[in-house]
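Subject: The two-chain model, with notes

Hi,

Here is the structure I promised to pass on. Have a look at it first, and then read my notes below.

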Amino acid sequence: MEQNAATNLRPRTEPLASAELALKIRKHAVRMTNLGGSSHVGSVLSMADIVAVLYGGILRVDPSNPEKIDRDRFILSKGHAGAGIYAALAESGFFSTELLEKHCADGSVLSGHVSHRGVPGVELSTGSLGHGLSVGAGMAYGSKLDKIDNRAFVLLSDGECDEGSTWEAALFASHHKLDNLVAIVDYNKIQSLAPVSETLQLEPFADKWKAFGWSVAEVDGHDHNSLYAHFSAIPRVTGKPSCFIAHTTKGKGVSFMERSVLWHYRTPRGSEYDEALNELNSDT
Amino acid sequence: MRDNFVRQLSELARSDPRIFLITADLGFKVLDNFAEEFPNQYLNVGIAEQNMIGLATGMAMNGRVVFCYSIGNFSTLRCLEQIRNDACYHEANVKVVAVGGGFSYGPLGISHHATEDLSIMRALPNMTIAVPGDQWEAREATKALAATPGTCYLRLDKSPAPATARAKEVFYIGKARTIREGTDITLIATGGILGPALEAADSLVEQGITCRVISMHTIKPFDSEAVLRACRETGGIVTVEEHTIHGGLGSLVAEVCMDAGVKPNVFRRIGLRAGFSSIVGAQEYLRREYGMDAKAIAKAVAELVSAGSPHAPRPRLKVSSGGATS
């Protein structure tokens, strides 16, 4: 692919800053879900490291010019973890972190499920699962036609792979050799009501993506160095879309939220809220 | 109509590289020329309507004007949430095209009857809806929607009305066309069923009944003024749609009147009351079966004129007989 102005959009921060960003995302998420009386905090915590590596060192985006035509696109297809993207965008300079206090508040633009209206940097509003990969594929396909050297990153949940539309998009992407499309699955193994394996088995998961024509890597979704190395080598195979099955821990970073179905929907309040923040603060 | 749509889209695509056509594996022989002439502006995504609308949204966000083509039910119902959340909410330049409005595919069964699409599409915010009645309107609507920013719905019919355009007439989205003047009743039709409405108006002349006939080719934005004028200036309103009576053109006209506090002297909605049609048949057959053909329309008008005559404000307008006016 030809080089163009996209290469001028250098990552804003060095990769090492991603650890700090991840911690900030986690703390914001706990505060935001507490203030907003909302939840999906476990879903934010599980993806925080992936999002931090992307915004910390991989995505070619420019907060001072969020509409730049050849920017990388990031789509949070698992829109219920919207708090994590708002936090990442605010900490990356797209808007003030003060706005985060309004998460889910009356009259706020920061909805529980991510929305783009009035929020610079959000590429796609989601919340209904199974939408993001198609839109990302459309962006990637359009870029190929226009010979724009950018990438579309789509972060999916594991439960979202129950949706047939995800696989419609997966078929399309490989058929059209969209090696500028990247699917990252936050495989925290827990969906709304129960573990994924008890709800609708995805395994052999990597084999499914491979069978759909994707180049697949299974990665540790909390290991920044590993994630950075993987995401720096896209496309994994020329002519194939890349899929990263990121093994994660739901609720990662707050001991009593980890691997818990309960913390998909529970709002951190009272002593639980204090304890969660204490744990995260002691992480610094 | 679909051939005229494709011809018009080809003309647009020649001068505007942003124009793009996606089909979800339908349009046998119809889209071949387009595909051949514009290989970089055409895509068959396979039988995957949800993906089609998502892709179209992504491509529209990159600056394209993306037409998504399929049979009525597929391009609307199968991917309704993608149309709502992805296209409409993002005000993406996605143009949903339904071939086979109403009973166009009558013999194929209820799966292929597009008889609820207008009510459903109408409810979506940021959606422009065009339902051309004849070939000229089909071409003009295609042009107009390509130039209308945001998400649009174009409902095409297999049985267009005979040509209705006047010399040098200009087509405007959101502005109803008065095809003929009359005073006893105003027939407001949307889509190809404009044909039977005009035929009914013709046949009623013999009974001394004159009808204003309006082609309501745009459902959203809606030309409320044309409806209110019809209330004031004619003896009543009959709406004609090849679509359920729930939430479509007839409902819309009733809403407009109630909101404005203007009541037509007489009012009737002609449309599908039967729910699902488990019987099949040609479009013409099903129109007749469900009381939407010219004969049924004429009968309804005659009944209403007869019933409403003591109260109806009889002719207030001087009109030239039968001729089209603006």
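Two residues are taken to be in contact if their C-beta atoms, placed from the backbone, lie within 7 Å. Helices (H or I, at least four residues) and strands (E, at least two) are DSSP runs, numbered from the N terminus. A residue counts as buried if 20 or more other C-beta atoms lie within 10 Å of its own, as exposed if 12 or fewer do, and as partly exposed in between, again with C-beta atoms placed from the backbone.

On bookkeeping: residues are numbered from 1 along each chain as its sequence is written, while chains are lettered from A and ligands numbered from 1 in the order in which they are written. Please keep in mind that this is a predicted model, where local features need pLDDT of at least 70, side-chain atom pairs count only at pLDDT 80 or more, and totals for chains, interfaces and linings use all residues.

Chain A

pLDDT is the predictor's confidence in each residue, from 0 to 100. For chain A its mean is 92, and 94% of the residues reach 70 or more. Over residues 1–16 of chain A, however, the pLDDT is below 50, and this stretch has 25 contacts in the model beyond near neighbours in sequence.

Chain A has an open sheet of five strands in the order E1-E2-E3-E5-E4, with parallel pairing; two strands pair if DSSP finds at least two bridges between them. E1 and E4 of chain A are at the edges with a single partner strand each, so one side of each has no neighbour in the sheet. On average, neighbouring strands here are turned by 20° against each other, direction ignored. (For angles, axes are lines fitted to C-alpha atoms, for helices over the stretch in contact, and values run from 0 to 180 degrees between N-to-C directions.)

Strand E2 (residues 152–157) of chain A is mostly covered, with six of its six residues buried. A:Ala152, A:Val154 and A:Leu156 point one way, and A:Phe153, A:Leu155 and A:Ser157 the other. Four bridges connect E2(A) in parallel to strand E1 (residues 73–76) of chain A, and A:Leu76 stands opposite A:Leu155. Towards strand E3 (residues 181–187) of chain A there are six bridges, also parallel, with A:Phe153 opposite A:Val182. E3(A) in turn pairs with E5(A) over six bridges in the parallel sense, where A:Tyr187 has A:His247 as its bridge partner. Helix H4 (residues 132–146) of chain A packs on this sheet, touching E1, E2 and E3 of chain A, and its direction makes about 170° with that of E2(A).

Which residues of helix H8 (residues 224–231) of chain A are buried? They are A:His224, A:Leu227, A:His230 and A:Phe231. Seen down the axis of H8(A), they fall within an arc of 130° (taken over the directions from the helix axis to the C-beta atoms), so they line one face of the helix. They pack against helix H1 (17–36), helix H2 (41–58), strand E4 (215–220) and strand E5 (242–247) of chain A.

Chain B

Chain B has an open sheet of seven strands in the order E2-E1-E3-E4-E6-E5-E10, and its pairing is mixed. Strand E2 (42–44) and strand E10 (218–220) of chain B are at its edges, each with a single partner strand, so one side of each is left without a neighbour in the sheet.

Five of the five residues of E1(B) are buried, so this strand is largely enclosed by the rest of the structure. E1(B) pairs in parallel with E3(B) over five bridges, and B:Ile22 has B:Cys68 as its bridge partner there. Three bridges join E1(B) to E2(B), also parallel, with B:Thr23 partnered by B:Asn44. Helix H1 (residues 2–15) of chain B lies across strand E1 (19–23), strand E3 (65–71) and E4 of chain B, at about 145° to E1(B).

B:Pro160 lies in the loop between E6 and strand E7 (177–180) of chain B. B:Pro160 is buried, with 22 other C-beta atoms within 10 Å.

Where the chains meet

20 residues of chain B are in contact with 19 residues of chain A. Nine residues, the largest share of chain B's side, come from H3(B).

Happy browsing!
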